[in-house]
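Q: I'm new to this and would like to learn how to read backbone features in a model. Could you walk me through a few?

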Amino acid sequence: MVEVGFGLRVPAFPVDGSNFSEFMGQIHNLLSKFEGKFDSAWICDHLYPWCDLIDKMTPNLECLTSIAYLSAIYNKYKWGSIVLCNNFRSPALVAKMSAILQNLSGGRFILGIGAGWKKDEYLAYGIEFPSAKVRVEMLEEAVQIIKSMWMNGRATFHGKHYRVNDAICMPKPNPIPPLMIGGGGEKYTLRVVAKYADWWNIPNVSPKIYRHKLEVLRKHCKRVGRDYDEIVKTLANIVAIAESRVEAIKIASKSPFVKKGFEENYIIGEPDEVAEKLREYIELGVSYFILRFLDFPSTRGAELFIDEVIPKLT
């Protein structure tokens with residue numbers, strides 16, 4: 001079996017009515033308890049809660065400032081963005097910010113980035129929301145700028161959507177961070193993954209869907225002359241785990257994140273069931289999981305996972 005890594009998705013907003021101070025206490029409890037047990041910690045990039053069932057006025061973390069703060073406190077985790085919305089920040093600025101994060105954290109940053117999707121959030125913050133095709137075109141130009149600045153310390157790029165003239169990135173990141181591209185769009189996004197990604201991520205899909213996406217990615221790799229095996233395949237998913245399946249289903253049923261009728265896309269069950277489900281993905285080629293435990297702010301689910309699931313998979 002391939003070597004498998006496990007990351008911990010850090011919630012960006014509370015779902016239990018906690019205020020910001022209480023919520024940060026819950027996050028510190030989560031991170032302190034599992035430091036050294038999960039390989040990495042990840043924060044999403046939304047400016048208010050992405051789930052429409054949660055009040056938009058609920059306290060919500062910003063991705064990069066939160067990673068900068070938390071990575072300094074919890075220095076045994078690698079830290080990743082899952083995933084930055086490309087249109088929220090200029091790519092040259094992202095290259096500079098991530099280079100500094102990488103150096104200040106001692107090489108513990110993973111840059112996850114995607115084309116963005118939440119129209120109402122764009123418009124609320126005065127950001128133009130172009131078509132999916134254009135957003136992916138912008139992503140493709142952005143990752144070229146970012147990689148050039150990281151590798152060369154400067155970049156000049158004149159594209160259809162972005163122009164930078166001798167944009168400086170000093171100090172260069174050391175080492176160069178992995179660049180993870182998130183998304184499953186088969187015509188455009190996976191082509192960009194094939195050309196530029198070190199890691200690829202997709203969230204909350206069944207093994208059947210994941211297998212199909214891999215087939216599409218493999219074809220894109222062949223077309224662009226990329227070694228398919230070079231790309232680290234990752235899965236982000238939500239987990240409802242408990243001592244019994246009945247209790248796990250109860251946890252999932254209470255969550256605003258689980259879509260009714262799509263339960264096969266999620267990881268739900270007692271430890272043996274969870275291990276078996278993850279084994280299906282591993283057999284497809286997944287070597288890294290980024291997991292959000294639905295019983296948060298409780299840490300019981302993550303404890304069960306550490307104690308009874310990971311030993312079955314490593």
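Q: Where does V83 lie?
A: This is a predicted model, so keep that in mind as we go. V83 lies in a loop, the one between β3 (78-81) and β4 (84-85).

Q: What kind of peptide bond joins I82 and V83?
A: For that you look at omega. Here the bond joining I82 and V83 is cis, with omega at about -20 degrees.

Q: Which residue is joined to P297 by a cis peptide bond?
A: That's F296, and the omega of this cis bond is about 15 degrees. As for its place in the chain, P297 sits in the loop between β12 (288-293) and α10 (300-313).

Q: Why does D166 count as partly exposed?
A: The idea is to compare relative accessibility with two cut-offs: under 20% is buried, over 50% is exposed, and partly exposed is in between. D166 has 35% relative accessibility, so it counts as partly exposed.

Q: And N204: where is its place?
A: In the loop between β9 (199-203) and α7 (207-224). N204 is not a glycine, yet its phi is positive, at about 50 degrees. Its relative accessibility is 27%, so N204 counts as partly exposed.

Conventions
Residues numbered from 1 in each chain as written. Predicted model: local features only at pLDDT ≥ 70, side-chain atom pairs only at ≥ 80, totals over all residues. Heavy atoms only, no water. Helix = DSSP H or I, 4+ residues; strand = E, 2+ residues; numbered from the N terminus. Buried < 20%, exposed > 50% of the residue type's maximum accessible area, 1.4 Å probe, protein only.
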